[in-house]
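Dear colleague,

I am handing over the structure below, and after it I set out what I found. Please read the notes with the model open beside you.

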Amino acid sequence: MAYDKSMYLAVKQRMDERRLRAQMEAAERKEELYAALPQLEQLDRKLAATGAAVAKAVLAGGDVEQAVLAIGRENQAMQEEKRRLLAKAGLTPQDLEPRYRCPKCGDTGLVEGRRCECLQGELQQEASRRLNAISPLALSRFDTFDLRYYPNVVDEALKINLRDKMGEILAYCRRYSEIFSLRSPSVFMIGNTGLGKTHLSLAIAGEVLKKGYNVIYGTTQALIGQAERERFSREGEGDSQETMLACDLLILDDLGCEFPTQFTVSVLYNLINTRLNTGRPTIISTNYTRTQLKEKYTDRVCSRIFGCYDCLTFVGADIRQQKKLY
């Protein structure tokens with residue numbers, strides 16, 4: 001995946017600060033131990049001088065092999081003595097070392113000259129953070145989703161109680177967030193404006209983020225628009241489409257509000273189809289009817305949403321309008 005220079009610099013700065021902080025904390029722990037165990041400091045000084053002792057033995061000539069072996073035996077004895085001292089204090093030699101977040105690379109981001117998994121993850125999170133910054137919406141919560149705004153009546157045409165129906169949808173979304181995994185199904189939220197689709201999708205996002213998963217949320221117009229700007233900009237920096245393909249959960253709000261072009265429809269199809277093929281869950285919400293979506297997009301797009309997603313049909317009256325009355 002391609003990342004622009006500013007992302008690398010931002011991530012590298014965070015990792016450098018993290019590595020330096022771990023080293024400083026280790027130095028402070030060592031100084032405290034030296035104050036409590038002066039013998040430990042003496043041993044460390046002697047161990048640090050081992051390399052110089054070997055070089056001196058080589059320069060002195062004579063039986064160099066025996067001299068180096070003797071230094072090695074002395075070194076091992078000091079290491080053992082150090083372990084005994086630390087053990088009395090309930091510690092091990094590793095407790096004196098820096099506690100890096102990533103033990104593989106020591107928070108450098110590189111392992112044998114190649115990008116470490118931690119660096120890849122940091123870059124992905126930075127790309128996601130920048131995409132999520134496009135959306136001005138704050139995360140919603142399940143406990144603020146008020147079913148009292150939905151009429152406790154039976155819709156004769158649908159043959160369902162509207163409040164009960166929305167209660168089932170609320171329970172589904174809450175359960176979805178509780179047991180979320182990379183194998184969770186994709187979800188299609190459809191219904192008129194103001195019925196809570198954005199509220200529940202954001203509530204899911206908030207809970208899934210708490211579990212440590214990587215979530216990208218935004219309106220379809222904003223996210224695909226970002227990919228379009230990157231595609232046709234002169235700089236050509238950034239790869240939002242790849243970031244959206246790779247995230248753990250992608251939430252596309254307000255499908256249909258974007259202006260459809262050959263490029264935007266192509267991006268939408270690629271996101272939907274690729275994430276289905278790789279088993280990555282996606283949540284899509286729309287105020288459009290199925291018929292309107294079929295008129296707006298290709299059959300390839302609609303058939304995958306209608307046929308492969310769990311469908312949640314929102315019912316009731318516009319909550320925003322109701323709230324204005326109270």
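By class, seven nonpolar, four polar and two charged residues make up the lining of the second largest pocket, where Ala, Val, Leu, Ile, Met, Phe, Trp, Tyr, Cys and Pro count as nonpolar, Asp, Glu, Lys and Arg as charged, and the others, Gly among them, as polar. The space in this second largest pocket is about 180 Å³. Of its 13 lining residues, those closest to the centre are Gly-191, Asn-192, Thr-313, Phe-314 and Val-315. A pocket here is an open set of points on a 1 Å grid over the protein atoms alone, where a 1.4 Å probe fits, with protein on both sides within 12 Å along at least five of seven lines, and lining residues have an atom within 4 Å of a point. Grid points are joined across faces, edges and corners, and the volume is the space filled by probe spheres set on the points.

Before going further, please note that this is a predicted model, in which local features need pLDDT of at least 70 and side-chain atom pairs count only at pLDDT 80 or more, while totals for chains, interfaces and linings use all residues. Residues are numbered from 1 along each chain as its sequence is written, and side-chain values use heavy atoms, with hydrogens and water left out.

As for the overall fold, the protein has 13 helices and nine strands, taken as DSSP runs numbered from the N terminus (helices H or I, at least four residues; strands E, at least two). Its radius of gyration is 30 Å, well over the 20 Å that the globule rule gives for 326 residues, so the protein is more spread out than a compact globule; the radius is taken over C-alpha atoms, and the rule is 2.2 Å times the number of residues to the power 0.38. The C-alpha trace spans about 100 × 45 × 30 Å along the principal axes. Among contacts (heavy atoms within 4.5 Å) between residues at least 6 apart in sequence, 78% join residues at least 24 apart. Of the 326 residues, 39% count as buried, meaning under 20% relative accessible area, with exposed over 50% and partly exposed in between (1.4 Å probe, protein chains only).

Two residues deserve a look for their backbone angles. Most residues other than glycine have a negative phi. Asp-107, however, has a positive phi near 60°; it lies in the loop between helix 4 (64-88) and strand 1 (110-111) and is buried, with a relative accessible area of 1%. Lys-159 also has a positive phi, near 60°, and sits in the loop between strand 3 (154-155) and strand 4 (160-161), but Lys-159 is exposed at 63%.

Some individual positions in helices follow. Thr-220, in helix 8 (residues 220-232), is buried with a relative accessible area of 0%, and, leaving aside residues up to four places away in sequence, Thr-220 touches Gly-225, Leu-252, Asp-253, Asp-254, Leu-255 and Glu-258. Ala-55 belongs to helix 3 (residues 50-60) and is partly exposed at 37% relative accessibility.
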